[in-house]
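Here is a short briefing on one protein chain. Keep the structure open beside the text and find each residue as it comes up.

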Amino acid sequence: MKHSFMSFMVAAAMLIPCAMPVEAGMPLRQMEENDVGIEQKAGIQTISENTSGQTFVLDQGKGLRIHGNGKKTITVSNCTFEMSGHTVSDADPDSREMKDYFKIFAGDNVVFDHCTFTSQGSQDSDSVSDSNLFLSGENIVFKDCSFASTHYEGRYFSAYTGTVAVIDCAFDIQDQTKQPAFNITEADIEFDDTNISISGTDSSQPCFYANGQDEGSISLLNGTRLEIKDNEADAMQLNQTRIDVKNSRVLVQNNRSGILGGTWNVLSDSGLSSLDNEGLGMHISRPMTISRSSFIVSGNKGTAGGYEDVDLYIDNTGCTLKNVRNAALGRYVCTGTIDREGKTNIEGTELTEKKVSEDKSDETKNNTITYRIMIDYIDAQSEKKLFTYTIYNQPQGEKYDFKAQLEANVPQEYKLLSYAGDVSGTLDANKNIKVSVQPDSKYFVRINYVDMADKESIHPSNQLIGLDADSKWDVEKFGRIRIEGYEFVKCDHALKGDSLDKDITITSYYRRIVSPTDPFNPKHLPIDPSMNEERGLFVMVGFIGLAAVILLIVRHFSRKNDDDEDENGGITD
C-alpha cells in the first residue's frame, strides 16, 4: 500500500459533493422511507450514497453497512455512531459459510470524515469475522475521527482485507475484554498522525493482534503514537506481520507481556519502548531494523531460552541497529545476531548463564505459570508447513478450546481438512496442534462414520484429497469398513463419480451390535488385509499421463486423541 496513493484517494474523495443532510436522530425506519441511498433489511441499514450530519443509534439488533457504488467513492461526514448491544449479521442463518458479524461494516471506497464513534457492547460469536467495526474492502479512509470504547466484549476494530488509512484520528479504548481491541488479518493499514490508547484490558487475547500471513501490514506514520499500558493482557502479538514505524512512537508498559513477534522496521526519529511488563518485554523471531531511532526494553520479568528476568529475546534472527542514539536492551537473550552500524551505542546485559532449567512453561513475576500453543498449518499434499499461529501466555489449569482460533486462521486460499492434537482440555503444558489444509482449487471426498441411533461419530473420517474438477474418484473400499461392535447399514451418497464441482462429504451409517454372537458381526466379514482401515487417513490422488492413478497414503490427521488410535490398533506403514 502506498501512502501517497492513499493520501490522493482521500483528497479526491473529499471533493465529492455530499447529499443533503438528514435530520440528526431521525428514526431508522423513517430514514429508510425518506432517504435516497439508505436501505434497511433485518435491522441492518445499507448506505451507498454520500451522507452527512446524521446520528446513527445502533443498539441491540441494529447494524450498518457502508460501501461505495462500483468505483465511486462515497463520503460519510460529520456523523455520530452510537453502538451498543450485540453485533449482527445479514447472512443466511442456514449457510455453512463463515458469516460476518458487525455493528458497522465498511466495504470498498468509503471515506469517514469528522465522524464520532462510541461503543459499548459485545460480540455475537467468537469468530475472526465478528467485530464492532469490520473493515473489508479497498480504499477505506477515516479522517479526523474520534473513537471511544468502554467495556467492549470482543474485537473492536478489525481490518480484515483490503487497504485502510486512518488519518489524524484518536482512539481511546478502555476495559476491553475477550478479544483484541485491534485485529489485523490480511489488510494493509496505515495510521497517520493518529493517537491510540489502550488500557484496562482483561483478556487471554492480546490488545493488538495481527494474523501474520503472507498478506497484511501495519504502518505508523507522521507523529502517530501507540500506547498500550496497564492491561491484564499481552500488549501486542504480531506473528510475522510487517510493521513500519516512521517518525512515530510505540510504548507498551505494565502489561502481562510486551511485544510478541512482528517484522519491525523502526525508522526516521521514531521510538520503540517496552517497559515493566510481567512477561517478556519483546520477543522477535523475524529480522528487525532500527535506524536513527530509540529502542528501550527494560524492567520486564519474562523467561526465555532457560533464562529468567528477560527483557528482550532475539530468537534465531537478526537485529540491525543503525545510528541508534539510545539502544537499551536490558537483560537480553540472543540466539541470532545483533549488527551495529554507524554511531550506535548499545547498553544491556547479555545473559550467558542459565538461571532456570529448560522447562515447558513461562513464569511471570507473580509466579503464574503460563503456556503457549503452537498451531502448525500443513499442506496435506506437499506436507509443507505453511505457517504457525502461536497463542501465548495461557494460564496453567485453565480450560481451553482452540477450535475457533484454529478454524479462523486457516491460510488464505486454503480449506481445512482435519487436525490432530489437544484442541481442547485443561492446560498443563505447551501444546502443538497440527492442522491439515489443501488449496481451495482442489476438492476432497470425506467419509464420516456415525451411529445411526444418535448420529455420533464412531470412527475417524477417511478422506480422498487433492482432486481436480475432472478427476474420477472412487471411495467404495472406504464406504464399508470394519468397526468393532457395529454393523454397516448404508451410505447416504454414491461412492464414486466421474467429476467434481464441490467437496463431498458422505455419511456411512452403522448400527450397534447387541449380541456378540450375531452372524453379521463385522468380525466375520471378509476384510482386504492391504487396507489400513482402523485409522482415519488421507489418500492423495494424482495422474500420470491420461490413465494411471496413484494412491498415496499421506499424513494422518485425526480428530480423536491418541488413546483412541491406540485402542484401534492401527496397522503400521
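**An exposed asparagine, and the chain around it**

Asn316 counts as exposed, because its relative accessibility is 63%. Its place is the loop between strand E28 (312-314) and strand E29 (318-322). Asn316 is not a glycine, yet its phi is positive, at about 55°. Keep in mind that this is a predicted model.

**The whole chain**

- The protein chain contains 47 strands and 5 helices.
- The chain has 573 residues, and 52% of them count as buried.
- Take the contacts in the chain with a separation of 6 or more: 64% of them join residues 24 or more positions apart.

**Confidence**

- The average pLDDT of the protein chain is 80. A score of at least 70 is reached by 79% of the residues.
- Residues 354-366 stay under 50 in pLDDT. The model still gives this stretch 34 contacts beyond four places in sequence.
- Residues 520-537 also have a pLDDT below 50. Here the model has 45 contacts beyond near neighbours in sequence.
- Where pLDDT is low, the predicted coordinates should not be read in detail.

**Strand E13 and its partners**

- Strand E13 covers residues 157-167. Of its 11 residues, 9 are buried, so the strand is mostly covered.
- Which strand do 9 bridges join to E13? It is strand E11 (residues 130-143), and the two run parallel. Ser136 stands opposite Thr161 of E13.
- Strand E15 (residues 182-184) is joined to E13 by 3 bridges, again in parallel. In this pairing, Ser158 faces Asn183 of E15.
- Strand E16 (residues 188-192) is joined to E13 by 5 bridges, and these strands run parallel too. Ala165 has Glu190 of E16 as its bridge partner.
- In a regular strand, side chains alternate between the two faces of the sheet.

**The largest nonpolar core**

- The largest nonpolar core has 73 residues.
- Which members touch the most other members? They are Phe81, Phe112, Phe117, Phe142, Phe171, Met236 and Trp264.
- Strand E20 (residues 225-246) gives the most to this core, with 8 residues.
- Look at Phe117. Beyond four places in sequence, its contacts include Phe81, Phe112 and Phe142. Phe117 is also in contact with Met83, Ile104, Leu133 and Cys145. Ser146, Phe147 and Ala148 are among its contacts as well.

- How many disulfides does a search of the whole structure find? The search finds 0.
- The cut-off for a disulfide is two cysteine sulfur atoms within 2.5 Å.
- Cys169 is in no disulfide either. Its nearest cysteine sulfur, in Cys145, is 4.6 Å away.
- Buried means under 20%.

- Asn277 is in the loop between strand E22 (271-275) and strand E23 (282-284). Is Asn277 buried or exposed? Its relative accessibility is 0%, so Asn277 counts as buried.
- The side chain of Asn277 reaches the backbone nitrogen of Asn255 at 2.8 Å. Beyond four places in sequence, Asn277 is in contact with Val252, Gln253, Asn254, Asn255, Ser257 and Gly258, among others. Gly299, Asn300 and Lys301 are also among its contacts.
- Lys455 sits in the loop between strand E40 (443-451) and strand E41 (457-467). Lys455 is not a glycine, but its phi is positive, at about 60°.
- Ile481 lies in the loop between helix H4 (476-479) and strand E43 (486-491). Ile481 counts as buried, because its relative accessibility is 4%.
- Ile481 and Tyr449 are 32 residues apart along the chain. Their C-alpha atoms are separated by 9.2 Å.

Key. Residues numbered from 1 in each chain as written. Heavy atoms only, no water. pLDDT = per-residue confidence, 0-100. Contact = heavy atoms within 4.5 Å. Buried < 20%, exposed > 50% of the residue type's maximum accessible area, 1.4 Å probe, protein only. Helix = DSSP H or I, 4+ residues; strand = E, 2+ residues; numbered from the N terminus. Pairing = 2+ DSSP bridges. Polar contact = N/O pair within 3.5 Å; in protein donor to acceptor, adjacent residues only side chain to side chain. Core = buried A, V, L, I, M, F, W, Y, C linked by side-chain atoms within 4.5 Å.
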